[in-house]
Protein chains: 4
Amino acid sequence: MHEECGIFGIYSKERASVAVSTYYALCALQHRGQESCGIVVNDRGVLKCKKELGLVNDIFDNEALNKLGDGKMAVGHVRYAVGDGATSHSIQFMTSQNSPPMAFQNTQPMVVRHIKGPMAIAHNGGLVNASALRDEYELKGGIFHSTGDSEVISYAITEQRVNAVSIENAVELAMPRLSGAYSLLVMSAKKLIAARDPNGFRPLCLGELPNSAGYVVASESCALDSICAEFIRDIEPGEIVVISEKGIESIRTHCTKKGELCVFEFVYFARPDSIIEGVSVQHSRNTAGRILAREHPVEADIVIGVPDSGLDSAIGFSLESGIPYGIGFVKNRYIGRTFIQPSQGMREDSVKIKLNPIKETIKGKRVIMIDDSIVRGTTCARIVRLLREVGAKEVHVRISSPPFLNPCYFGADVNSRDGLIACQLTTDEIRARIGADTLGYLSLDGISKVAKGGRCDFCMGCFTGKYPVEVPDEKPTNKFDMRFSEV
Amino acid sequence: MHEECGIFGIYSKERASVAVSTYYALCALQHRGQESCGIVVNDRGVLKCKKELGLVNDIFDNEALNKLGDGKMAVGHVRYAVGDGATSHSIQFMTSQNSPPMAFQNTQPMVVRHIKGPMAIAHNGGLVNASALRDEYELKGGIFHSTGDSEVISYAITEQRVNAVSIENAVELAMPRLSGAYSLLVMSAKKLIAARDPNGFRPLCLGELPNSAGYVVASESCALDSICAEFIRDIEPGEIVVISEKGIESIRTHCTKKGELCVFEFVYFARPDSIIEGVSVQHSRNTAGRILAREHPVEADIVIGVPDSGLDSAIGFSLESGIPYGIGFVKNRYIGRTFIQPSQGMREDSVKIKLNPIKETIKGKRVIMIDDSIVRGTTCARIVRLLREVGAKEVHVRISSPPFLNPCYFGADVNSRDGLIACQLTTDEIRARIGADTLGYLSLDGISKVAKGGRCDFCMGCFTGKYPVEVPDEKPTNKFDMRFSEV
Amino acid sequence: MHEECGIFGIYSKERASVAVSTYYALCALQHRGQESCGIVVNDRGVLKCKKELGLVNDIFDNEALNKLGDGKMAVGHVRYAVGDGATSHSIQFMTSQNSPPMAFQNTQPMVVRHIKGPMAIAHNGGLVNASALRDEYELKGGIFHSTGDSEVISYAITEQRVNAVSIENAVELAMPRLSGAYSLLVMSAKKLIAARDPNGFRPLCLGELPNSAGYVVASESCALDSICAEFIRDIEPGEIVVISEKGIESIRTHCTKKGELCVFEFVYFARPDSIIEGVSVQHSRNTAGRILAREHPVEADIVIGVPDSGLDSAIGFSLESGIPYGIGFVKNRYIGRTFIQPSQGMREDSVKIKLNPIKETIKGKRVIMIDDSIVRGTTCARIVRLLREVGAKEVHVRISSPPFLNPCYFGADVNSRDGLIACQLTTDEIRARIGADTLGYLSLDGISKVAKGGRCDFCMGCFTGKYPVEVPDEKPTNKFDMRFSEV
Amino acid sequence: MHEECGIFGIYSKERASVAVSTYYALCALQHRGQESCGIVVNDRGVLKCKKELGLVNDIFDNEALNKLGDGKMAVGHVRYAVGDGATSHSIQFMTSQNSPPMAFQNTQPMVVRHIKGPMAIAHNGGLVNASALRDEYELKGGIFHSTGDSEVISYAITEQRVNAVSIENAVELAMPRLSGAYSLLVMSAKKLIAARDPNGFRPLCLGELPNSAGYVVASESCALDSICAEFIRDIEPGEIVVISEKGIESIRTHCTKKGELCVFEFVYFARPDSIIEGVSVQHSRNTAGRILAREHPVEADIVIGVPDSGLDSAIGFSLESGIPYGIGFVKNRYIGRTFIQPSQGMREDSVKIKLNPIKETIKGKRVIMIDDSIVRGTTCARIVRLLREVGAKEVHVRISSPPFLNPCYFGADVNSRDGLIACQLTTDEIRARIGADTLGYLSLDGISKVAKGGRCDFCMGCFTGKYPVEVPDEKPTNKFDMRFSEV
């Protein structure tokens, strides 16, 4: 499972090396998307953009940052290419990398020119009505270069902008048209605008630069830490924050509810050192592990976590159960996006190459293994087998979230029920399939408590099938490529 | 002076290696644009695109052509980035190459997705109402990713396509909205459509593949030669040619006149082995040289041409005058787009690095030097000095076109009268400035006869200031970047 | 501190995809060197080589591995460029990357052609007499292309090879000339030879491919795991292992002692899942933590480790002391070799970008922080400060090795006493300098017990100044570049 | 047929941008080798090197030249990879480009470190005893990284250098060991040394920088022109020129004869604007054409040359015969080294893509076509057919050199008699094979007169089989890879 994106924006009161700060912040957000990255610097109204497929650390070197130059504002984006992989697209772009056909066109920030001024847009989320809006704009004569939501959002804003009194007013007027999840940054010639959908599905927070030098907005607070900015607060569900020469202003027209943050941000997506809606991500994982220990106790010799997101839950489980915590795997940190998968016929095993169990620690032990989720079940089965191969006496799998039963429409790349093992097998059948001695999932009640004390409610649609907004019957990934009937 | 573009399209009755054929054809058209190139292959309705900054031979290797794969149709494009160099743009894209800020975004073919099906567009020319159309589309909510005319043309076609009975009908309905020069290729899921503006400013011709395997359309006939296709005919000014399963059809609604081809195609832009509107380009240059010899005779020992476009005129001059032809320069063929210009303080001389006079041939001689045009005069002055440095006794400059007095609005990169030496000095003053003993331009009467026997008239607006279509007062290159007044 | 290299060799009885296996094995050894990597495949006597600056996963894609093709043998190498950084070299190679001037020339494996057949050499270690040997060979007319030890070793072998009865005999005869550390692989047209210096400073182990398909040799057993090879045994100090059509043979002429393995392999260099000389690396680190807890107990609320090598020791400390283990930092996994360091004037902090403390876990706590070593002290001081900034009440630093007091001559990049904080300050002064409340190093006695039960003794020269072989007075890094007196 | 190399050296009295001057000079010498290029700058004894596969203009951008920096000396090299293409090599290096296996290793200048100081070597030519010397050095324990002659020359110089009183003395002592062709540059820490073999097979000339700022040495005088250096004189056969702080000194120990320059330098290799041994290359080609017209007169309507080297001869033929000269072909200037050859099954024709005949000029005419040589005959046959396809009534082929009957051992890539059409067929059979109406070669007597007035004699071994130095029975291209018998 993958998160779609991470976003960052900076507004400095004086001209400064905003590209470099954005570079560090994007490095800190890289876990939210590793396929492409981009930075747009705004220097006195001129928007300079560089975006590419690849990691922040690979794409932006000194020369690239120098070319982007200084300015008062910048926005940056990291992306995981959800849904771009589909080869059914009617248009495919061939890049030198071995990437999905629309990967390059869908890189963000999107930069558009318009009679009212240029605009850069970066967002994280997923619209449920993107396809319907696209149809509507195309029937009015609009043309699309990408398959991503950001071009749809651009049209929605531009549509209003022609008549709106200001760019922030255009955003405000456009928001009711957009249904679903979006944490959004819009940079115009003179303003940096941040907005969060009324449900607040994805996180977005506001910080201040040292010495009151300006403001930053980021998907997660860990990006603020990386540039020594101070966390001010989360942006509220539905809120529009406008940063300009006049300082910070808020538009709260669409702030109608408490919000339903994606609970998977705590389970998996966010970095443990981030604090979201008042709750430490690491602490929420410790809590998940503690609740798991109470819900599914078992006698064992050691508790281990599947790196990286299982580690904190494993420590929680260990603390609650009194069973010692151990490091059970070495994760290979040098294997990246372009890693060559072993072919069918080879004896090599891609799971083992990435995640080697430590024999000394496992051998002869009754092992409790904590992971964050089971999607298709194949990786989990492989990991259990690796533990048995190095001599685990028993393997007890504990999952720090409930069974995954429904697609996500709000920015995670689970498009349909196909392939979700929990849709097809009972828990005991899954246990047998993955080869565990016992298997326990965190309960729905349990997951609802992991971020207790936080300021918002949660979207748990992937577990319950109940979504905070109306969703289409079938997730319409590439419908728009199938529908044309050319004459 | 630079031409903007070259275009090529192929329709094969059977699935074939159309990408490879397009590669060869674009190599043959490379002289029309060296900044970027692109190929879009259409395989059963799926459009696969690759476009990049660089030469065809560098961008497309075996791997790239394999990725594009086979299909029944393809369009290709080579481009010289007219006007992209302006640094006043409000949006700038940083590429790894040292290119103009919009160069990558403006690469062609442009590929757009639309509810009525995907579409690839490649064109050569220049619209005089691009800016006005852009304003209009933006005020309707349209957004632009590029600064080029092709996105404007895309909007014009899409605007009609929503209601048109077919893609070719959309092109037909869009043409009256487009004012200026365009030789255009539109590839939809099932059709290849070629169109030429009613004035026929830029060339476009139709050919047939060997063994009646299909059809091709190209800016110049030399591209047909490169793939052994047979020349059928020029596409008429205003004509729309539709190639599909049904074969070739013509729409002649807009064929209202004989056409006014840019005369500079004969003087400079086109390759000598091309035949345009029934006239051999090489022959027209020979003719220009012959007329020059009659209009501006002079006693001399040798006639030399400035490579490459001056060579054929020099031979014509030699044949007419009886003065021996010689090769006066070695042109360095290995210096490309990325050549490092000598800095001010250095003793090296960029003209000499590119064009070394051959002392043995020049020394002690009275030399007639033929060039195609004088724009700013600096290069010409430098060349004359080089000839004197190696011992030319006299240097008589003959120009195979009349003085350049007016901007071109139709696809050549002369934007204004600023810098045109002929706007500021008399011919004798120019002669003095470039250091020649005598200077003679081809007369207006002369230039009108170089392609005698051709099927069309000529646009000679750059010489006369009289243009076949109404032109704006001032060429509005980047107006659209200046006009916004953001709130 | 950095290790110099990792090596891997494979001998398959049948022609197989040995390049791909080497790729996976090098990925598993990547922690031993991240600057360059190389693979040489031997297909029926033809040696095909690819080596580059960069990570294995970046340099070797499908195309590269296909070009290397199949074969029966391969050797691979990963390298950290020890000493190449010196800008005093008299020869410097400019690569497109921002690398030390000799980095490319020093990539391994080194491939040389010779009248007795081609040869590929890969090694890990450091010779103490490299400079003397180099002088000797140059005075005989030899020429050097690199500054690395591998070219010296090549000369030493070639010198013998001219008269030796076999390649293994040449290696055997050359070994007495080489003083210092070397774990060595030599691949000739028909044989794969592995050798380890008589002190066995660096690890080297032998494994068997699944289904008895052949043999492999690797720096660490984790590389064997990655390709599902079975660990057979460590290669003995002084042993030469010859793998050929005849199977495996051993030459033990130089096996004169038990060996003195670099103890830092356990402390820091090796991967926790490797087993060296019979001891699990992870277990040795747990043990170090346990001993530390006994040697330097302190009351505290939490034990945290500095990732990655401090984690296992922290768990050992926690288990021994009963103080809970916690995850105190998030290490950014996406920051690589080319990371842009914040400039002096910037507010960003490179330590914090790489290693963010988790406020929730640290705040208000008395923290025990375990790290593997203190070299210059600056990073440690910075980390302690970060902990205090997020609210640590007390910070107790525990180091899982004794104070670093002497240079290493055997493959780690500590060239001199300059900059070693322990050479200049007392432990209490260091404590004050790094800002810790207490500071405790593992004792010499303690370090000698971390791998108790192992089959060898240890080199602890960096702590004691007593080395198993005679070392030069001053480490002569680049002497050879300074000594020439040209006429 | 291809020339192997071009070389350039510069010695500036003051520290200057010698890398940039070398860049321009190498651009001017690019016709002598297009596969790889390299520049070594010497800044106060530190040699900085960059060499790569590719064209000068592509490899050296501003960043690369900046990295090389300023200095007082530099040497540069362009190379065509003669013989590297052989796939029989026992060692093969895989580069990202599709290049011969040893191409990268054989790039020049070769830079070696040695106890007597670093040294950079660049040469043009071919040794006849390279293989024997290589054997000798390997049997003494030497190791080779490349297959080129430059490493052999390095060994020969180093062998002497250990005992020589100076670097120039080492060169002087080494020369008698080297048999064959070499125009050589050696740059040490403090001196730039140029040497030419006693036969003077390959050209080498000396020039002075403007304002007496220093000296340059180049393969051809056109390189001097490109940086506005003044031609002083050719370096004599056997001469060693030493440029140092003391100015220019000559060592003439080996100046024993008048020299035998490769006559093909005039026919094909050199640039027309170069002057070699007192003779203009262009003039020699004009002369060849004039002699051809006298030796093989024929009635015709037009004389055309095959670009580029046939053009000057065609003009000579035209002037002598009175038959008008015309431009018969357009050569595609944008097709480079990496051009994709049409596959067998395709209808495209690689000759036609590169060289399109101009129908208008050829149609209905009796054509005399001048080319410089016929090697295998296939290209010539294809060109004749192209002329007939566009309507030539008669095609009379005239070759500006005698039939090619013997291999070249001195730096041109004709390795054996295999494939030389003149070894297998009579002139009339060749005429029939290439489809010409008549065929005439320049006579041996004729070729001996093309550079009449020059200061040297010629090597015409490729025509006569009589070589100025003893040559091996069979050209031993890759013998060294076949001979080993490994134990």
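This note sets out numbered points on the predicted model shown above.

1. Conventions. Residues are numbered from 1 along each chain as its sequence is written, and chains are lettered from A, with ligands numbered from 1, in the order in which they are written. In this predicted model local features need pLDDT of at least 70, side-chain atom pairs count only at pLDDT 80 or more, and totals for chains, interfaces and linings use all residues, while side-chain values use heavy atoms, with hydrogens and water left out.

2. Extent of the A–B interface. Chain A gives 60 residues and chain B gives 60 residues to the contact, where contact means heavy atoms within 4.5 Å. About 5200 Å² is buried between chain A and chain B, 59% of it on carbon and sulfur atoms; buried area is the accessible area (1.4 Å probe) that two parts lose on being put together, summed over both.

3. Between chain A and chain B, 13 residue pairs are in polar contact, both residues being at pLDDT 80 or more. A polar contact is a pair of N or O atoms within 3.5 Å; within protein, one must be able to donate a hydrogen and the other to accept it, and residues adjacent in sequence count only if both atoms are side-chain atoms. Zero salt bridges are found across this interface, a salt bridge being a side-chain nitrogen of Lys or Arg within 4 Å of a carboxyl oxygen of Asp or Glu.

4. Contributing elements. On the side of chain A that touches chain B, the elements giving two or more residues include strand 3 (46–53), helix 3 (62–68), helix 4 (130–139) and helix 5 (149–161) of chain A. Helices (H or I, at least four residues) and strands (E, at least two) are DSSP runs, numbered from the N terminus. Strand 3 of chain A supplies the largest share of that side, six residues. By class, the residues of the side of chain A that touches chain B are 25 nonpolar, 18 polar and 17 charged. Here Ala, Val, Leu, Ile, Met, Phe, Trp, Tyr, Cys and Pro count as nonpolar, Asp, Glu, Lys and Arg as charged, and the others, Gly among them, as polar.

5. Strand pairing between chains. Strand 3 of chain A and strand 5 (residues 91–93) of chain B run parallel and are joined by three bridges; two strands pair if DSSP finds at least two bridges between them. A:L47 has B:I91 as its bridge partner in strand 5 of chain B.

6. Antiparallel sheet in chain A. Six strands of chain A form an open sheet in the order 6-7-8-9-13-14, with antiparallel pairing. Strand 6 and strand 14 (247–251) of chain A each have a single partner strand, so one side of each edge strand is left without a neighbour in the sheet. Neighbouring strands of this sheet are turned by 20° against each other on average, direction ignored. Axes are lines fitted to C-alpha atoms, for helices over the stretch in contact, and angles run from 0 to 180 degrees between N-to-C directions. Strand 6 and strand 7 (residues 119–127) of chain A share three bridges, and A:M110 stands opposite A:I121 in strand 7. Helix 6 of chain A packs on the sheet, its direction making about 15° with that of strand 9 of chain A.

7. Salt bridges. Over all chains the count comes to 125 salt bridges. One pairs the side chains of A:E168 and A:K191 (3.0 Å, N to O). This pair links distant parts of the chain, 23 residues apart, with A:E168 in helix 6 and A:K191 in the loop between strand 8 and strand 9 of chain A.

8. Parallel sheet in chain B. An open sheet of four strands in chain B has the order 18-21-22-23, with parallel pairing. Strand 21 (residues 366–371) and strand 22 (residues 394–399) of chain B pair over six bridges, with B:D371 opposite B:I399 in strand 22. Helix 13 (residues 378–389) of chain B packs on the sheet at about 150° to the direction of strand 22 of chain B.

9. Backbone geometry to note. The peptide bond joining A:P307 and A:D308 is cis, with omega about -10°, and A:D308 lies in the loop between strand 18 (302–305) and helix 10 (309–321) of chain A. A cis bond also runs from D:P307 to D:D308, with omega near -5°. B:R44, a residue other than glycine, has a positive phi near 55°; B:R44 lies in the loop between strand 2 (36–43) and strand 3 (46–53) of chain B.
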